[in-house]
Amino acid sequence: MKKIFAPSLVLILSMGLLEILALSGFLNQSLIPAPSDLFKVLFEMPEEILQGTQETLLNSFLGFLLSAVFGLLIAFVFSLSKNLRDAILPFAVFFQTVPIIAIAPLLVIYLGFGAPTVIASAFIVSIFPIIANTLVGLESYPKDQLDLFKIYRASPFQILFKLKLPSAYRHIYAGFKISAGLSIVGVIAGEFVAGGGLGALIDSARTQQRVDIVFVALFILALIGLFYLSVLALLNFTICKKRPL
């Protein structure tokens, strides 16, 4: 409860201070709108905001889900073959350095406007932390226990799932938390060029000089990020409760 109370109090006080500064004329409301103006936007265009939120939430979730599935599979395959990992991983790291906003126009050409491009953008941005963290985690197992598995002639898959994977859990969880946030970044980058969601709403507000709409969209994006982190924390709590690590 204390973890929620203190940030909530800071948020309320900050909003109150901004409202007072805006009403007293100390803030230029064309650059920093008053909090009351943000609530007016919610009542002014509820359908557009609701539809944009739903699209961004769904596409970021699908992008994150795909990156989680394929990221884990790729990391597992790399962990079974050092030669394969050494041959392909440098290209994955190189590809990661290319900004997604530069790749997004290519995705539009390949996949067209709409959800496929947005999901692909989220997938590309969010898969690499899962691969990297999982690989590091799979190498963090107790070495003496590996000798024990070899004595009993355990197969590579038995070593992977009974020794390496439990040791890698916390690294995988950390990778998931990073990727959840990056999936939202990827979705917004995709929506800027492919349309739809809160990204298109922000882009449209930019052309109209409506900073109040932009602030509302940013606030909703932050809430989506907090929602993902809360769900992951709940899953982590459930897993650790059933099987302490």
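As the model is predicted, local features need pLDDT of at least 70 and side-chain atom pairs count only at pLDDT 80 or more, while totals for chains, interfaces and linings use all residues.

Let me start with helix α6, residues 115-138, where helices are DSSP runs of H or I with at least four residues, numbered from the N terminus.

As for covering, 19 of the 24 residues of α6 are buried, meaning under 20% relative accessible area, with exposed meaning over 50% and partly exposed in between, for a 1.4 Å probe and protein chains only. Asn-133, which sits in α6, is buried at 18%. Beyond its neighbours within four places in sequence, Asn-133 is in contact with His-171, Ala-174, Gly-175 and Ile-178, contact being heavy atoms within 4.5 Å.

Turning to packing, helix α5, residues 100-111, meets α6 at an angle of about 140°, with the axes 9 Å apart; axes are lines fitted to C-alpha atoms, for helices over the stretch in contact, and angles run from 0 to 180 degrees between N-to-C directions. The pair is therefore oblique, given that angles under 35 degrees count as roughly parallel, over 145 as roughly antiparallel, 65 to 115 as roughly perpendicular and the rest as oblique. Among the residues in this contact are Leu-107 and Leu-111 of α5, and Ala-120 and Ile-124 of α6.

By comparison, helix α8, residues 156-194, and helix α10, residues 211-242, pack at about 160° with axes 10 Å apart, and are therefore roughly antiparallel to each other. Their contact includes Tyr-173 and Phe-176 of α8, and Tyr-228 and Leu-232 of α10.

Finally, Pro-90 in helix α4, residues 82-96, counts as partly exposed at 46% relative accessibility. Pro-90 and Val-118 are 28 residues apart in sequence, and 26 Å apart in space, C-alpha to C-alpha.

Conventions: Residues are numbered from 1 along each chain as its sequence is written. Side-chain values use heavy atoms; hydrogens and water are left out. Helices (H or I, at least four residues) and strands (E, at least two) are DSSP runs, numbered from the N terminus. The expected span of a helix is 1.5 Å times one less than its number of residues.
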